[in-house]
Amino acid sequence: MQISLTVNGTHHTLDTHPGELLRTALRRLRYFSVKHGDETGESGADAVLLTHTPDQPTSYRLVNSGVMLAAQAGGAAILTVEGLSGPRDDDLHPLQREFVACGAIQCGYCTPAQLLAAKRLLDTNPNPSEAEVREAIAGVLCRCTGYLKPVQAVLRAAAWLRGDEPPTFDLAVLDALDGGEWPTGDGGSDEDRDGIDPLDGPVSGGTDIQTRTRVMPAAVAHPQTAVVNKPEHKVDAVKLSKGRAVFADDMELPGMLYGGLLTSPHAHARILAIDTSRAKALPGVHAVLTYQDVPRVVYASGGQSYPNPPPYDQVSLDNKVRHVGDRVAIVAAETPELLQQALDLIDVTYEALPAVLTPQKALAPGAPIIHDEPDAVSIHDAGRNIAVHIHVEHNDVDRALAEAAHTYTSEYHVQQVQQASIEPHVALSWWDEDDRLVIRTSTQVPFHVRRMVAPLIGLPVRRIRVVKPRIGGGFGGKQEMLIEDLCAHLTIATGRPVRFEYSRAQEFSSARSRHPQTLRYRSGVDAQGKLVGMELEIIADAGAYGTHGLTVQMVSGFRGLSTYWLPSARFVCDVVYTNKPVPGAFRGYGAPQALFGLEQHMEEFALALAVEFKRRNWIKVGQEMPMAEVMGEGREGFAQTIRSSGLEECVQEGAKAIGWERRDDPAWKTDPDRPHIRRGLGLALCMHGTGIAGLDMGAASIKLNDDGSFNLLIGATDLGTGSDTVLAQIAAEALGMDLEHVLVYSSDTDFTPFDTGAYASSTTYISGGAVLKAAEEVQRQITRHAARHLLPGADPDLLWLEGGQVHSPDGRAVSLETVALHSLHQADQHQIMATASHMSYVSPPPFAAQYAEVEVDTITGQVTVQKLVMAVDCGIAINPVTATGQVEGGMVQALGYAVCEEMVYDEAGRLVNPRLGDYRIFAAGEVPELQAILVQTYEPSGPYGAKAIAEIPMDGVAPAVANAIYDATGVRLRQLPFTPERVWNALQAHG
Ligand code: FES
């Protein structure tokens, strides 16, 4: 059938069929800003504005093009983000301009739909309240930003459009602790700060809005820097605001096939037979592959290091399934509809096996053995379903606890949650003109993918190129070689380009998640309240495969036993197979689990004296982290000493912002008009890592161009965090150039140097270190060439780069353009460029104080978090806007972990909430007031004093909320999430 559509003012006549979705049709017309987030419209990423009466501008409605048939849109006028402004970068709609300026775009996958939702609002309501803005964009889920900056951007754009002066904002960024000596200090020691007041700051603002007007920063640059420590716009923000075709799926290849996965309906079963004949017989189906068709190569899917941490317990396709959602067969077909038909026609005969869904049952004598295959490698005890066993000890814990003045033991449970990035896993693969396989994929680890996929598909690394375009969020879920082997198998089988994507249900059941754990802390103190030893025992649920099982749990042990200084410590852990979907890497990587237990354990131990008890024992500048050396992260560890910490200042600043003294005010804690409501405040301290010591490595290449601009090539992977921008700022600072003249390209295994990838909060610190080294070498080459040829008589060691010029102390200067042209064309001709690598044997921890304010409804058990404040010591913030964006978005993601998110199974091991709506991630109208405070220290080992910030916001919300609930009600909740049912039951049990 034929339909006509007007899209962004252009008329289209389109052949379609009755089942085609409007989203598919629009993308066929190359309106790639229209995204796939799910199949039910709950993500909102597919939203467009549509009307059948285009002569009435206010008649446009926001519709989900992924649940609407193209045929239903026949005759309609549609607006996508491509039509919001002209094609040029400097031609932006006020909404786009403010999204760029406010830092409202992280990964940018939700941005086109958010912009359209905001436009629809402003077209009908030019002066909306904040609540109306939140309501208007509530149908477009964002997993990155926490919505604060997008809401600010809409409010500012509304003011511009009305002709009003938009509100000005400041940014809560504190100067580096050493004041005028930046960057020579180390953040000082706690001993230096004995005079700091206890937690008695004034009540903060008393605002009744959720979005504090503290987003647009005043310039916070330190006088010694021009680009670093400044709120530069993200280098990719404009193209993301315009909805350009930058994501993995935003391209059409001639002859491209649609690839898809048939998954297991059983939690545990053996495949007795697969009949693919009916599927293969369908015209337009080009490949149906099962375990009989692909080589059996055992591997571990976690993209972490070489060699991959054990166990090696997966193959591309197997004759046994170990969880609902496990791989059974793959298909390539000419259309999405044919693909689905073919998947439905595959006839599988299963022998159902008994399944175990909890580690306790999996460990019980006689439990079914999940990995009984003979070729799995390095499983600790397959007969007992133990994937990994860890036992690490520092000094004599038993003796320390036996001699302690007091000991305390407590146990905690954390649930399985999903990363839920709005862009699902998606990959495209094709043969290029040199008979090499290109894989364009949404991954955090392109170099690991290339290395890991090679043996599975039987190609040498040199015949594989992995391209990482923009990524629509990852949060650890894309730190995995997850679908690339399947996509590649189909291209190899068909010779055709293949696009392979997970559905939202497959994201939940066939991708990765966070490890559930049971944690038992036991600790002892001396008579002065100093910790003398601590033991942490963890039983972790690995699900069906052991990927990241060792390393996530090692981080749990390390964070659990290093945040406070311990003379003795022991970590014992079993990572146990079950027949559930597979946990892996998820932002925080073991720390959120450990700190949920630890930050309650410490409070329970000390009760009213908790803050003082923590202060007495938290790790301080100059102290060693003994567990770093004995644990490492799945391999050799290295001795480490704390060299910078702003934890005391974080505690103080956060206390002021949350109004901590209200904890002691009975009148505040109850509400005479609502006597069933109790209010409380909670605190959790956080310490994270900055890369993996001795393991993470990054490299960068910088090249000078004819006009004095630079190409910066990095293997680092920006998954929405702003790392491309931060790395460009580091280069620009060192090269004395503005950000506009540094052109960033990341990452492509053919063209950019190696990088371990985006994980472990390593990019600013490790990849940034490589960028700084490369920039310094380029700087040396420039000054030498200038001194020799263009500034005769000058001492190259006394020249410096600033404002796009090489300066001499005698007042002479020459532009970088002149140096470039001269070096390329005139004398001593050579390309000024450098490549540098960087790794580190230390992982300097960022620190943070996370505060939460809650209301507990004692009748319903509903916990309402009113406000979250996180004060973070991230070293020097290279970009305060992207840094606060990380904190805000991280806190909201962590709030989901605390109060509502959980993967729930029925007795057969089927996930009962594999949709975004049922799983429930926060929408714009549901988040509490957020405040991020950057407490800057100077980390001497980091580029320009930087440490990490990406993961620590995930760590403290759950324990802070738990401690706030206790403060409000006297009830201690040791199991996540704090659903009304769980809280109500605890309140009833408490009496
Ligand atoms: S910026 Fe919204 S999903 Fe990433």
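## Around F571

In this predicted model, F571 touches quite a list of residues once you skip its neighbours within four places in sequence: I390, H391, V392, L536, I538, Q553, M554, G557, L561, M627 and M631.

F571 also belongs to the largest nonpolar core, which has 170 residues. Along with Y851, V961 and F978, F571 is among those with the most contacts inside that core. Helix α23, spanning residues 880-899, gives the most to this core, putting in nine residues. Apart from it there's another core, of 44 residues, including I730, A775, V814 and V819.

## α3 against α4

Helix α3 (residues 111-124) packs on helix α4 (residues 130-137) with an axis separation of 8 Å and an angle of about 130°. The crossing of α3 past α4 is right-handed.

On the α3 side, the contact uses Q114, A117, A118 and L121, while α4 brings E132, V133, A136 and I137. Sorted by class, this contact of α3 with α4 has six nonpolar residues, one polar and one charged.

## α2 against α3

Helix α2 (residues 94-102) also meets α3: their axes come within 10 Å and cross at roughly 130°. That makes α2 and α3 oblique to each other as well, and their crossing is right-handed.

Here L95, Q96 and F99 of α2 meet T111, Q114, L115, A118, K119 and L122 of α3. The contact of α2 with α3 divides into five nonpolar, three polar and one charged residues. Q114 and A118 of α3 turn up in the contact with α4 and in the one with α2.

Key
Residues numbered from 1 in each chain as written. Predicted model: local features only at pLDDT ≥ 70, side-chain atom pairs only at ≥ 80, totals over all residues. Heavy atoms only, no water. Core = buried A, V, L, I, M, F, W, Y, C linked by side-chain atoms within 4.5 Å. Buried < 20%, exposed > 50% of the residue type's maximum accessible area, 1.4 Å probe, protein only. Helix = DSSP H or I, 4+ residues; strand = E, 2+ residues; numbered from the N terminus. Contact = heavy atoms within 4.5 Å. Axes fitted to C-alpha atoms, helices over the stretch in contact; angles between N-to-C directions. Left-handed = near helix turned anticlockwise from the far one by under 90°. Nonpolar A, V, L, I, M, F, W, Y, C, P; charged D, E, K, R; others polar. Parallel < 35°, antiparallel > 145°, perpendicular 65-115°, else oblique.
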